[in-house]
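I set down here what I looked up in this structure, entry by entry.

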Amino acid sequence: MQSPLPVREGVNATRLRLPDEGPWDTAMDYMMHRWGHIDPQGIEDRFDAGEIVGEAGIALDRTTPLRNHTFIWYYRTLPPETRIPVELDILHQDGHLLVVDKPHFLPTTPGGTYIQESALVRLRNRLNLPDLIPMHRLDRMTAGILLLSTNPETRGNYQVLFEKRQVQKEYECVAAAEPAAGHPAVDFPVVVRNRMTKSRSYLLAEVIDGEPNAETRIERLRTFDHSPRTGAATGPATGTDDDGGRRALYRLEPHSGKTHQLRVHMASLGLGIVNDAFYPELLDKAPDDYSRPLQLLARGIRFVDPITGRPVEYRSGLELSEAR
């Protein structure tokens, strides 16, 4: 459902569904129930100023009955955000697509505590493109190639490619050269197939029994010696290790797109990605350490452009710090 309010400062208006019934006579009564403990005067002021609208952009006031609208839209008051000290590089831009190198730590889209500090909002404001929409997502902690649509009229042509899995993605990661204790040796290249689902715990994804719905081809590109950083704690060879020993650079080719698929599949082999705070072991939440990015990079993406009919490929110019 399209918002009747335009994008403002790079951010979409918030949509709220009103209940069909309840102890609230007006839309404002319900909003006070939801958010009145935070800013009751601000809510009243927005209704008085006509800044809260329903379907077709009709402005609501304090007396608008709850039943008059199913959805309402309004602009949130955005809290101040500390700038994430990373930058986006633009690799390609035309009348249909924008291709960027997303750095580690920057989320793709607004959410939670990151609104202005997201790739989408930064780019909308930087390029004055309020209709910009990402064609896919990268985790906040994953860097690399990100495609965004610049043209609503041709957006569907590209969305179909992703829906039909006609886009080939290539990732790189750094992990231990050999599986952790308790895991069998791996004969590369290997294809990992299993069934993944969102976990009910803090972990965002887990493997369960059942028909496979996630598949990744994994190839070991090269191995190299690793020396621990000066003053760093040592530990077991997990995704968060900082010990010495052999590490490897891997190429990952996902044939599905489940949440945290690559991280889960590497961990399932006993090869947790370096600096992964989720898999194979959940670490305590801590402030971002910009010196220790997750060693996972979206290296490239290939597809036949639906507008020109020509094969295209975009490659990241970033490098994984632990692969040098």
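I took contact to mean heavy atoms within 4.5 Å. Helices (H or I, at least four residues) and strands (E, at least two) are DSSP runs, numbered from the N terminus. I worked from a predicted model, in which local features need pLDDT of at least 70 and side-chain atom pairs count only at pLDDT 80 or more, while totals for chains, interfaces and linings use all residues. Residues are numbered from 1 along each chain as its sequence is written, and side-chain values use heavy atoms, with hydrogens and water left out.

Entry on helix α4. I looked up residues 155–163 and found Arg-155, Tyr-158, Leu-161 and Phe-162 buried (under 20% relative accessible area; exposed is over 50%, partly exposed in between, with a 1.4 Å probe and protein chains only). These residues cover an arc of only 125 degrees around the axis, so they lie on the same side of α4; the arc is that of the directions from the helix axis to the C-beta atoms. I noted that their cover includes β4 (97–102), β5 (133–134), β6 (143–149), β7 (168–176) and β12 (296–304).

Entry on Lys-169. I found this residue in strand β7, partly exposed at 23% relative accessibility. Beyond four places in sequence, Lys-169 touches residues including Phe-162, Gly-300 and Ile-301.

Entry on Asn-194. I located Asn-194 in strand β8 (residues 190–197), buried at a relative accessible area of 11%. Its side chain makes a polar contact with that of His-265 at 2.9 Å (a pair of N or O atoms within 3.5 Å; within protein, one must be able to donate a hydrogen and the other to accept it, and residues adjacent in sequence count only if both atoms are side-chain atoms).
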